[in-house]
Amino acid sequence: MAGSTAARPGRPGGDLRTRTLQEATAVVAEQGLAYLTMASLAKRLGTSGGHLLYYFGSKNLLLVEALRYSEAALTEERAGLLARRVTPARRLDLFLDLYLPAGPRDPRWMLWIELWARSGADDELRAAQQELDQGWQRDLEAILAKGVDRGAFAVDDVPGRAAQLLALLDGLSTRVVLGQPGAERRQALAAARSAAAALVPAADRP
């Protein structure tokens with residue numbers, strides 16, 4: 001898998017690893033990655049900075065691991081969403097709701113913003129970003145394709161429309177998570193629904 005971090009012998013036990021990722025996410029959400037140090041994180045966890053550095057390699061790799069951990073639950077939710085017996089329009093709406101952040105400084109989205117800021121100059125981070133993005137792209141394409149097959153959506157270029165909609169969702173999400181004026185979650189969801197209606201129009205019924 002692109003950008004994956006191979007497990008090493010002696011990797012921290014699941015509990016310590018999970019707590020490390022959770023604590024790192026909390027610090028990034030509260031203060032940003034610049035304020036996260038292995039030493040300060042280790043102090044919060046009751047271990048040593050060298051211990052964390054050995055197992056996670058660097059702050060950048062810790063960021064990637066934290067984001068993968070955060071995204072794992074959403075990957076399962078998307079799988080459940082694809083399997084639900086609902087109309088294509090309802091499935092798309094649920095996808096939009098799942099994608100958007102919960103509000104300002106949403107922890108998962110703070111991780112994404114930190115990753116975007118660093119991936120341009122780091123091949124490993126860029127590969128990780130592309131890997132995680134592809135999961136959302138793939139599942140949205142599946143939603144749109146199923147809607148087209150059922151005669152619910154009038155879309156000729158499913159991958160293209162999915163990419164356009166995701167780009168718009170990223171912009172809306174960034175405004176929400178940064179707490180910009182007029183960018184509350186309910187407003188972002190309304191804008192996302194409007195964009196989806198334009199990019200994924202309903203098929204004309206005979």
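**Figure 1. Contact between helices α6 and α8 in the predicted model.** On the α6 side, Trp 109, Met 110, Ile 113 and Trp 116 meet Asp 170, Ser 173, Thr 174 and Val 177 of α8. By class, this contact has five nonpolar residues, two polar residues and one charged residue. Helix α6 spans residues 107–119 and helix α8 spans residues 158–177; their axes come within 10 Å and cross at roughly 115°. That angle makes α6 roughly perpendicular to α8. The crossing of α6 past α8 is left-handed.

**Figure 2. Packing of helix α5 against helix α9.** The axes of α5 (residues 88–99) and α9 (residues 185–199) are 10 Å apart, and the two helices pack at an angle of about 140°. The helices are therefore oblique to each other. Their crossing is right-handed. From α5, the residues Leu 92, Asp 93, Leu 96 and Asp 97 meet Arg 185, Leu 189, Ala 192, Arg 193 and Ala 196 of α9. Sorted by class, the contact of α5 with α9 has five nonpolar and four charged residues, and no polar ones.

Figure 3. Leaving aside residues up to four places away in sequence, Leu 62 touches Thr 20, Leu 21, Ala 24, Leu 36, Met 38, Leu 41 and Phe 56. One of these, Thr 20, is 42 residues from Leu 62 along the chain. The C-alpha atoms of Thr 20 and Leu 62 are separated by 8.9 Å.

**Figure 4. The ring pair of Tyr 54 and Tyr 55.** A pair of aromatic rings is described by the distance of the centres and the angle of the planes. With ring centres within 6.5 Å taken as a pair, the count comes to seven aromatic pairs. In the pair shown, the ring centres of Tyr 54 and Tyr 55 are 4.9 Å apart and the planes lie at 80°, so the pair is edge-to-face. Tyr 55 has a relative accessibility of 18% and therefore counts as buried, the cut-off being under 20%.

**Figure 5. Aromatic cluster including Trp 109 and Trp 116.** Ring pairs link Phe 95, Tyr 99, Trp 109, Trp 112, Trp 116 and Trp 136 into a cluster. Among these residues, Trp 109 and Trp 116 are also part of the contact of α6 with α8.

Technical notes: Residues are numbered from 1 along each chain as its sequence is written. This is a predicted model: local features need pLDDT of at least 70, side-chain atom pairs count only at pLDDT 80 or more; totals for chains, interfaces and linings use all residues. Side-chain values use heavy atoms; hydrogens and water are left out. Axes are lines fitted to C-alpha atoms, for helices over the stretch in contact, and angles run from 0 to 180 degrees between N-to-C directions. Helices (H or I, at least four residues) and strands (E, at least two) are DSSP runs, numbered from the N terminus. Angles under 35 degrees count as roughly parallel, over 145 as roughly antiparallel, 65 to 115 as roughly perpendicular and the rest as oblique. A crossing is left-handed if the near helix is turned anticlockwise from the far one by less than a right angle, and right-handed if clockwise. Contact means heavy atoms within 4.5 Å. Ala, Val, Leu, Ile, Met, Phe, Trp, Tyr, Cys and Pro count as nonpolar, Asp, Glu, Lys and Arg as charged, and the others, Gly among them, as polar. Rings of Phe, Tyr and Trp (its six-membered ring) pair if their centres lie within 6.5 Å; planes under 30 degrees apart count as stacked, over 60 as edge-to-face and the rest as tilted. Buried means under 20% relative accessible area, exposed over 50%, partly exposed in between (1.4 Å probe, protein chains only).
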